[in-house]
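Visitor: Can you walk me through a few spots in this model? Keep it quick.

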Amino acid sequence: MLATGPGHARADDVSSATPTVTADATEAPTATEAPATSAAPLTSEAPVTTEAPTTTEAPATTEAPVTTEVPATTTVEAADDAAAPEPGDIVLGELVQAYADPAPSDSGHEAEAEHDAAEHDEAGHDDTLLSWVQTESGDTVRVSTGDVTDVETGATVQVTLGAEVQDTAAVEGLEPAHELVAAEVLAASEEPVTAPTVAAVNHEVTVVLMQPGGFARDSTTLATLTNVVNGAVGDFWEQQSAGAARFGVVAGFDWATTTATCSDPFALWQAAADRAGWTAGARKHLLVYVPSGAPGCSYGLGTLGTSIDSGGLAYVQAPATSVVAHEFGHNMGLNHSSQLQCSATVEESASSTCQVSSYRDYYDVMGISWGQVGSLSALHASALGVLPAAQQVEVTPASGAGVHTLSPISGSSGTRAVKLTASSKVAYWLEFRPGSGQDSWLTTSANVVGVQPGVLVRRAHAGAGDSSLLLDATPSSASSWTKDTVAVLPVGAEVLLAGGQFRVKVTGIGATASVEVRPANTLPVASWDGLSASGSTLSVSGWAFDPDQPTVSGQVHVYVDGQGRSLTADGARPDVGKAYPGVGDAHGFSTSTTVAPGAHRVCVFAIDVDDPGQNTLLGCRSITTQQTLPVGSWDGLSASGATVSVS
């Protein structure tokens, strides 16, 4: 029976607009060797000594492997079902998960929006992440993913089954899941042993074309699918991983019918493994093709591995580069790229309505599988360990302000990513995608979705099926979300991340992008040193500077009885320069104004240089001015006849 090693599986729903499969009319299907008469268990142990199919080393060319012809009516029986699990049963085995991935929509984004709403259950779990417990004998029991969110893929667990759950996958034809009354982790998952490189190919792929439940085959040929794996898919992963992962077909088996169906994907994979004599192992992949439109089948389904050295199981409904590369990404441990959409702010806040839109990252291979395949995102490249340390810069709130030059993520040199790590340890990844390299389609008519080239930011979402969230730097109202495909950071506008811990601004774009990153805004430091009155004249003095731009002479606002005036704190204050090295001396302020005699209220504010809407209140004080009486002297009084003189 199938034993995949550490893994999960994701099933992708089929939308109403499944893409047409392209048939190669010039190539006849290549038949395959008849299956061995005994089932080969899918384990990482050596295969049983049944006769093996003729295999071919996968060259970098697009030629399909040659296999021996067999009758087109080959039928593979599904393994006998074990007793149906019941509530209260205790099951011991390995947690295996897989992603069910949807087909792209050809009718704008409305269908996608409906899909997004259905892809998360009431608790917020990603409904496309499916979970099973696989026993040592290979039997599988599907369990509720929401009950194993804290369990690592590949861990050995003992679970007590509860009632059946009619979740989204069950409604669409998959076997029902079981709630878990109890779950205990008995052993952590193990890292796979790295398989030796076989020439240029170090991820060996066995391809099998199957007709689940006897459903009619489509026009896809073994040669077509093999060429996709050996060509575009192999090239993509080799380039994106800098040679660390090269996929190639080492054995291929043409159409055969099976009684197994997609309602039990492990039975389907087992039937294919029996046909091919395939056994699981590090960097070994079983890729099953099922006809387009096969009942209960997702567009693609791939088990979730733990590292770039993992192998795995997958099936697809189209010989398309995007979906095949996507499922292999799952096999190597990558989750989905989705989008966080908010109505008023870039991230969640009290003033904004937000939702996670599953798969809505059209740039990344781990987003929706559509007609184009962009560069692997910086976040996922880092997760695979293929983003060199020399090509990334890490910034924390304590790093201070800085300007970074981003090279294209599609390249192989320069700074390709800036990682912003907040105090909460949540990571944000900045990358630059011009219309070049793997992303050259961005500036062509092939970009039918309308996403834009530019600087993007993704937020890591650890422990979730949507492990990468593309942030929308220009939020729109919820009613516009289905049509809003603009996510790039606008040039010249500051974007706040991590609750204001980072202020990011794209200052220029060309062959590279210039990005300014500042820590959280710090309010001005200031002192109100003096308030005095001389007759009807009030005088105010002190000093102020903004730590975010300490050499700039900022503004101070002085209010007397509610009437304000603005002045620049640029007076000489060498004592300030000495007390705060590096800020300079030009931070003093003083002003005088004439007032009427009586009591007055004076308030002083130091204004933030970066955000004039923010300020530091230095305080409010009261002072009374006195009316000044004349000063004089009566020096003389005299009379001369009838004249009196005063002086």
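Guide: Terms come before the sheets. Strands (E, at least two residues) are DSSP runs, numbered from the N terminus. Two strands pair if DSSP finds at least two bridges between them. The model is predicted: local features need pLDDT of at least 70, side-chain atom pairs count only at pLDDT 80 or more, and totals for chains, interfaces and linings use all residues. Residues are numbered from 1 along each chain as its sequence is written, and side-chain values use heavy atoms, with hydrogens and water left out.

Visitor: What is the strand order in the open sheet with E27?

Guide: The order is E27-E26-E30-E31, four strands with antiparallel pairing. E27 (563-568) and E31 (615-625) are the edges; each has a single partner strand, so one side of each lacks a neighbour in the sheet.

Visitor: How many bridges link E30 and E31?

Guide: There are 10, in the antiparallel sense, with E30 spanning residues 598-607. Phe605 has Leu617 in E31 as its bridge partner.

Visitor: And the open sheet with E24, what's its order?

Guide: E24-E25-E29-E28, four strands, antiparallel. Its edge strands are E24 (525-534) and E28 (571-572), each pairing on one side only. Nine antiparallel bridges join E24 to E25 (residues 537-545). Leu531 sits opposite Val540 in E25.

Visitor: New topic. Thr421: buried or exposed?

Guide: Buried, because its relative accessibility is 12%. The cut-offs are under 20% for buried, over 50% for exposed and partly exposed in between (1.4 Å probe, protein chains only). Thr421 belongs to strand E17 (residues 417-421).

Visitor: Which residues does Thr421 touch?

Guide: Leaving out residues up to four places away in sequence, they include Glu394, Pro397 and Phe502. Touching means heavy atoms within 4.5 Å.
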